[in-house]
Structure formats: C-alpha cells, structure tokens
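Please look over the chain shown here. The report takes the whole fold, then some of its parts.

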Amino acid sequence: MEIFSRMLKKPEHLGWIRGLQVRRRGGVNCGFSHISYADDTLIICEADIKQFLYLLGILLIFEAVIGLRVNLAKSSLLSINADHCIEDLAEVLGCKVEKLPSTYLGLPLGAKKNEKRIWQCVLDRCTSKLTPWRKQYFSLGGSLTLVSSVLDGIPTHLMSMFQFPVYVEKKLNAIRSNFLWEGSADKRKLHLVKWQKVMIDKKGGGMGVRNFRLHNKSFFFKWLWKYNDRNEKTWKNLINAKYVRKDTWSPPLAQNVSRAVIALSQKQSEYFEADWPWKMLWKTKAPVKAACFGWFLNSISQSGKIAVVGGCREYTGAPYFSAISALKIGADLSHVFCTKDAAPVIKSYSPELIVHPILEESYSIRDEEKSSIAAKVIAEVEKWMERFDCLVVGPGLGRDPFLLDCVSNIMKHARECNVPMVIDGDGLFLVTNSLDLVSGYPLAVLTPNVNEYKRLVQKVLNSEVNDQNGTDQLLSLAKGIGGVTVLRKGKSDFISDGKTACAVSIYGSPRRCGGQGDILSGSVAVFLSWARQCAAKGERSMNPTILGCVAGSALLRRAASLAFESKKRSTLTVDIIEYLGRSIQEICPV
C-alpha cells in the first residue's frame, strides 16, 4: 500500500486529483487525498469525471506493476453534496454506491452529532451476549469474569474516538450490574455492593470492573500525548489547520465541529495548563536538588531512545543495569550494542531490551579480518545513530584493544551526529587515554568514581586530587577537557561543566553495591535527552547536561535509600532498580 500511496501523491501534486483542503484559523493549510490503513484505502477527490478517469488509470497501472487486483466490486462510492452525478461516477470505476451515514473501519462515517444509532450497535451487542448466558448457571466469580473479559471490551473501539454519552454509560452499567448480581434468575435480586464500589480497582477493595467514564478520558489523554508528538501526522495537521492559532487551541465554536475535537479541546484546557507541573512538584516534599527535573516528566513530547555501548563475555550485568534503568525511568526504547558472546546472556535478563550483537573482541578474529569487521560495526551503528537521543558508553565494555578501537569510532560518529554521550566505566579508561574523543564536545558527560577521577586529574591537570579545593579543581578539569560535564561520584556528587558547579547531597544508602554507577549512567542519559528537548523549546536556559546529572543523581540516591530501608545489608543493584519508579512518583506524582 506504500507504493499505491506514492502513486496517488504524484497526480495530487500535479493537480490531476484534488483532495480535501482545509484552510482556516491562522492561515494554516492542510490537504490530503487519501488515507490508508493496512490494505484498506479511503480516497477523497472532487466529483469530477476527469479526476475519476485519472484515478481509474492509477488503479490499472497499480494492478499491472504489482500484480494485485483491486476488487472494485467490493469498493463503495459515497458522495457529499454530489448525488446528481454519483451514479455516473460509480459507473466509471465499476463500484457500488452507498449513502451516508455509513461505517469505515468500524466507526460511523457521516452520522449526525449525538445520534443514538451510533451507540445502539454497542447496546445491541451487549444485550445479545446475555441471551445465551442467562440459560446457564454461573457463580459470582464466573459472572464477574464474563463482565470483565467480554462486556467491558465491547464499547472500547468507539470510546477511543468519541466522547461517551451519559445515557449509554447508564444503560451499560445497568446491563453489567443486573447480570453480575442477578445472573440467570427470573426474579430481581438484591445488588449487594454499589456499582461505583464494584468499579474500583481490586487493590482498592473493588472488583476491578471497568469504569467507562475514566476509560474514555484515558483515550483522550492518549490522543493528547500523540498530538504533542513531534512527528508529522495527517490528523494532527488537520486539527492544527482548523482549530489552532499561534500554537494555542482556539475554542471550537461552529455547531458542526467534530465531537472528538471538542472533547480533545476540553481535555487540553482542563488538564494541560502550562504551569501545572510546577504546582504538582512543589506540593511534594522533594528536596530542592531533586525537584529540578519535575518539569521534565510533564513537558517532553517523546520519552527518548537510549543506546548502551558495552558488554563483553566477562561483564554482562553492567550494560543490563544501565539499559533497564533507562526504561524504568520512562525511556521509550533501550538498545544495547555488545559483543556476540554477551548478547545471549543480556537478552535472557529482559525481553524489553533491544540487543545488537555486533562488537567483536581480539581473541575471536584474525588480524587480517580486523579492518573489515571494524567497517561492518560502524556501518551497523550508522543505521541507528540518528534515532538515538543519548548514548551511554562503557558499562561492562572491557579493555580489549580492538573492541576499544571500534568503540572509539562509534563515539566519533556520535559526535558528528550531535548525539549526547554519557561516559562511564571502561569508557572512562578509553577517554582518559584518548581525550580528543570528547575534548571540546559540550554534550559529553563523564561520570568518574574516586579512582577514575584521580586518573583524569593526573592526565588533564598533571596534579593530584585536592579535596580541600575540590570545586575549583573540578571546574578546572571540566574546562581543561574543553567544556564537557563531569559528575564526580562520592559521598556527595559534584557536577561541573567548566562554568558552574553544583552538588547533590541527598542522603542515599550506607551500602554501596556494585552496579549503582550503571544505574546512574542510564538515568543521566534519559534526563539529559529530556532536558535537551525542553531546551530546544526555549523552556530552560540552564545547561541540559547539568540538569540531567542533577536529576539522575538525585533519583538514584532516593531509590537507594528506599531499597536499603527494605533490604538493609542485603541490598543489591536489582533492588535499587525496582525502586526507581516509586522514587519518581514521590518527587513528581502523576
């Protein structure tokens, strides 16, 4: 269908077929001639016989080129204010004629606003399900299962697009309630629990039956989330052309406005006020250093795609900890680029990770193969690099010379693509010996521990660590590497980009278990990508790398504190990861 879509775009561009054009508020223009879903296509054009002849020619060419025959006998032609010529146009294509209102992909097309027959099919389906059920005897548990698994799902498709009428909600609630409590009984039985209590989640003491009103609202929130996505979409452009003026929603005033757009506009104004993230944040007891990233979670349009470069046959846990932490915090996707020996092990840890077994170590290849394999590694990474919002380099990487050379090339390519990098673990060993990989790159973040920091200071400043004048030395170190951001891990985490310095001193855990640095690297990567998105919108002027480091450090310390409260001396890295979600919730509730 992609080929067919492109074949339609060309005559549309040449003016042979004229589709729907919308030009309204704010002078925004939007037009399209077709919409495709799987193997189903809706074509929109004017009631002009010339345009229909062009369309017939495109269909014939498509059949000849692809070898797939379009079944026009199953196709339908619908008219809008063109009933006088609809029969002639249908004869050109050889298809049948239908009248509005009709249905498309299970949704009503052309129906009048608030028309009851839109929802009558839902009520009829629910009622028809009850007829055979009433002939059988079910326990309360069996009736509850049928209500939850069958009746709750019937109106879902319509609810995803239309605002749920109150009268339909009352009728469906009555149908479900009567069947749950009365079952097949001929006489009316007492309903033992209020229906509002039944619809509460099981953890809250209810029966977990779906609340249609809340479910309907959640669908509109989903559409709002998709609307705030950066990607171009036809439906989004159409709404912008019709209802948005200067990036703000204009209230739909026309009487024939889509019900879905009205509901979307109401939800936008009701729940997405510009200042509500701050109100939510400062009502909590979040520490000041941690509170800085509350706005991240409410202003991002995409949650980020993170890539971890690391993992060899000796070290498989570190890349997993970093990648899974990114997902736990809220990243969309988390990739791991590792050696072929490490890939099966990392994949076995979690199916949520996308693992690329493309790296090689010296022991597994011959010298004459190294150049060709290195080229293949870069070629494979290039396919993905532009999709990533941040790169984490070093967790479980090891110090194999050939492997480090390949990773050096990956870092150079990431720098060319302007992709932020968080360097940790063996990645710091690589950077310490090759400072040019990050020197002068402001989107690089180094996260050294005590020993790694000591080596960096000796390499860059040619001196020993001076804790008495630690802030000035950290500023000099970051400035000496060309303005990269350095997060010095310790009892307190100190952060500097060579211009400013700050510290995160939130109490964490008295137990320091291996792998916490990997959680930190994944956390910083996610928050850094979110901070860059907000900076691109002009919402914050502070360096995104500084904000990412502060947020990642604060979150890790809070999660470690919660894990220690529960596990005490037996706290492990996996325990801290499990508390990342709760830590975010405490700092910025949703």
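## Overall make-up

This is a predicted model. The protein chain has 25 helices and 19 strands. Of its 590 residues, 47% count as buried.

Residues 24 or more positions apart account for 64% of them. The accessible surface of the chain is about 30400 Å². Carbon and sulfur atoms hold 53% of that surface.

## Helix 18 against helix 19

Helix 18 spans residues 401-416, and helix 19 spans residues 426-433. Their axes lie 11 Å apart, at an angle of about 80°. An angle of 65 to 115 degrees counts as roughly perpendicular. The two helices, helix 18 and helix 19, are therefore roughly perpendicular to each other.

Which residues meet where helix 18 packs on helix 19? Helix 18 brings Leu404, Val407, Ser408 and Met411. Helix 19 answers with Phe429, Leu430 and Val431. By class, this contact has six nonpolar residues, one polar residue and no charged residues.

## His413, also in helix 18

Helix 18 also holds His413. Is His413 buried or exposed? Its relative accessible area is 14%. Buried means under 20%, so His413 is buried.

Beyond residues up to four places away in sequence, His413 touches Glu382 and Met385.

## The buried face of helix 5

Helix 5 runs over residues 140-149. Its buried residues are Ser143, Leu144, Leu146 and Val147. Seen down the helix 5 axis, these buried residues fall within an arc of 160°, so they line one face of the helix. An α-helix has 3.6 residues a turn, so residues three or four places apart point the same way.

What covers these buried residues of helix 5? The cover includes helix 4 (117-133) and helix 7 (166-182).

## Val392 in strand 14

Strand 14 covers residues 390-393, and Val392 sits in it. Val392 has a relative accessible area of 0% and is buried.

Which residues surround Val392, leaving aside neighbours within four places in sequence? Val392 is in contact with Ile306, Ala307, Val308 and Val309, among others. Ser322 and Val422 also touch Val392, as do Ser521 and Ala525.

Val445 is 53 residues from Val392 along the chain. The C-alpha atoms of Val392 and Val445 are separated by 9.4 Å.

Notes:
Residues are numbered from 1 along each chain as its sequence is written. This is a predicted model: local features need pLDDT of at least 70, side-chain atom pairs count only at pLDDT 80 or more; totals for chains, interfaces and linings use all residues. Side-chain values use heavy atoms; hydrogens and water are left out. Axes are lines fitted to C-alpha atoms, for helices over the stretch in contact, and angles run from 0 to 180 degrees between N-to-C directions. Helices (H or I, at least four residues) and strands (E, at least two) are DSSP runs, numbered from the N terminus. Angles under 35 degrees count as roughly parallel, over 145 as roughly antiparallel, 65 to 115 as roughly perpendicular and the rest as oblique. Contact means heavy atoms within 4.5 Å. Ala, Val, Leu, Ile, Met, Phe, Trp, Tyr, Cys and Pro count as nonpolar, Asp, Glu, Lys and Arg as charged, and the others, Gly among them, as polar. Buried means under 20% relative accessible area, exposed over 50%, partly exposed in between (1.4 Å probe, protein chains only). The arc is that of the directions from the helix axis to the C-beta atoms. Accessible areas come from the Shrake-Rupley method with a 1.4 Å probe; for residues, only the protein chains shown count as cover.
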